[in-house]
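Look at the model below and follow it from a pocket to the sheet and then to a helix.

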Amino acid sequence: MTPLMQAALRNALRTSVILMMFAVVGTAMLAFTHDRTEPTITRGRLAEKRALLGQVLPAALYDNDLVASEQSVPPDNLLGTRQPSSLWVARRGGAFSGVVLEAVAPDGYSGDIALLIGIDASGTITGVRVTAHRETPGLGDYIDRAKSVWIDQFAGKSLANPEPQRWRVAKDGGAFDSRAGATVTPRAVVKAVKGALDYFTRQRAGYIAPAPVKEDTPVKENSA
């Protein structure tokens with residue numbers, strides 16, 4: 001090997017070592033930063049989720065950890081979902097007291113409208129929130145609680161209040177208000193919320209855990 005080739009090889013090795021050192025140090029720094037920040041990020045996400053769940057299901061209804069009760073739900077036409085969604089089961093004193101469902105209104109004016117719906121054990125809605133949408137700003141976006149209180153009219157409603165045929169916007173002879181010129185969006189939301197109530201009615205028995213069966217303790221007989 002010529003001296004020139006030897007020098008080139010040494011330079012290549014030196015460069016490789018330097019690059020490897022940078023990679024090791026960089027990876028270590030990223031790992032350190034991740035370990036330090038992940039707990040904070042996780043706590044922040046949990047706090048946001050608790051706050052959102054608290055907007056649709058009053059804290060007075062449950063004493064379990066609602067966030068920890070999350071369950072996966074397969075796609076269902078009544079929920080308007082095409083992918084697995086989530087639900088959260090509320091309990092108070094061990095008894096079923098309500099549920100929060102994720103639902104989708106697939107027929108919004110500009111596409112899917114994602115919803116979070118709280119329902120108590122009696123089948124009464126405790127709150128509804130739009131969590132994602134692409135409705136036209138200034139026209140159909142009034143379904144968003146940050147834009148107006150329109151969504152609050154669902155609280156206190158059930159399949160019996162109003163009666164099923166009146167689960168429509170007022171323009172269609174129903175019980176729910178809507179704004180002139182923007183009825184496609186509220187129609188989709190009303191339909192989706194009723195679908196969630198129908199789903200709840202169908203699945204309600206599954207949320208109620210049966211009482212634990214107490215086994216009889218055998219009585220020992222005293223031998224004479």
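The largest pocket is lined by 18 residues, and those nearest its centre are Ser-85, Glu-102, Ala-103, Val-104 and Ala-114. A pocket here is an open set of points on a 1 Å grid over the protein atoms alone, where a 1.4 Å probe fits, with protein on both sides within 12 Å along at least five of seven lines; lining residues have an atom within 4 Å of a point. The space in the largest pocket is about 300 Å³. This is a predicted model, in which local features need pLDDT of at least 70 and side-chain atom pairs pLDDT 80 or more, while totals for chains, interfaces and linings use all residues. Residues are numbered from 1 along each chain, and side-chain values use heavy atoms, without hydrogens and water.

At least two lining residues come from each of α1 (3-56), β2 (85-92), β3 (95-108) and β4 (111-120). Helices (H or I, at least four residues) and strands (E, at least two) are DSSP runs, numbered from the N terminus. β4 gives the largest share of the lining, four residues.

Five strands form an open antiparallel sheet in the order β1-β2-β3-β4-β5; two strands pair if DSSP finds at least two bridges between them. β1 (70-73) and β5 (125-132) each have a single partner strand, so one side of each lacks a neighbour in the sheet. β4 and β5 run antiparallel and are joined by six bridges. Leu-115 has Val-130 in β5 as its bridge partner.

Helix α2 (residues 184-207) packs on the sheet and touches β1, β2, β3, β4 and β5, where contact means heavy atoms within 4.5 Å.

How values were computed:
Grid points are joined across faces, edges and corners, and a volume is the space filled by probe spheres set on the points. Axes are lines fitted to C-alpha atoms, for helices over the stretch in contact, and angles run from 0 to 180 degrees between N-to-C directions.
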